[in-house]
Amino acid sequence: MEITREQFKAYAEGKNMENVPERMITEPMRNGARFNIFAGLFGGFYFIYRRMYLAGILLGLASIVLALIPLIGAVGIWLMFGFSFYPLYRGRVEKIALEANYRNADVTASLRQAGGPSLIALWVAIGVVIAICVLLTFVLLYGI
């Protein structure tokens, strides 16, 4: 199923019809490798912010493993997040569109309902990471 520009725009804007940069509409439509600087810099948190929860969590866990490899680790993490964002984003849009099409629902409305950024999920993810860090600190310092 071919996704139109308007459908990508509906997913990127979400229910609140937020203003999104043009790259969030045009980049996922292109074939080939494209790098997302925000995904590269913020990693799994950016995936979660863009409502790609499973990918954010799994890539976040993979980054912990990659961080154990000296030198290659930091660059590998940056490249992994940056280059994986648009293909996964496009796949998410296509999956939602196919499900809506299967249910005979309006594809654009379904994409708008499911899309957009999620600040709540972002703050929850940051809170969970901070809580884990605090817990590990207590465990390591006090042997609790």
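Trainee: What should I know about the numbers before we start?
Mentor: Residues count from 1 along each chain as its sequence is written, and side-chain values use heavy atoms, leaving out hydrogens and water. Since the model is predicted, local features need pLDDT of at least 70 and side-chain atom pairs count only at pLDDT 80 or more, while totals for chains, interfaces and linings use all residues.

Trainee: Is Arg112 buried, partly exposed or exposed?
Mentor: Arg112 sits in helix H7, residues 107–114. Buried means under 20% relative accessible area and exposed over 50%, with partly exposed in between (1.4 Å probe, protein chains only). Arg112 has 21% relative accessibility, so the label is partly exposed.

Trainee: How are H1 and H7 oriented to each other?
Mentor: The axes, lines fitted to C-alpha atoms over the stretch in contact, have angles running from 0 to 180 degrees between N-to-C directions. For H1 (residues 5–13) and H7, they come within 6 Å and cross at roughly 25°. Angles under 35 degrees count as roughly parallel, over 145 as roughly antiparallel, 65 to 115 as roughly perpendicular and the rest as oblique. H1 and H7 are therefore roughly parallel.

Trainee: And what is the angle between H1 and H6?
Mentor: Contact means heavy atoms within 4.5 Å, and here Phe8, Tyr11 and Ala12 of H1 meet Tyr89, Arg90, Arg92, Val93 and Ile96 of H6. The axes of H1 and H6 (residues 72–102) lie 11 Å apart, and the packing angle is about 105°.

Note on methods:
Helices (H or I, at least four residues) and strands (E, at least two) are DSSP runs, numbered from the N terminus.
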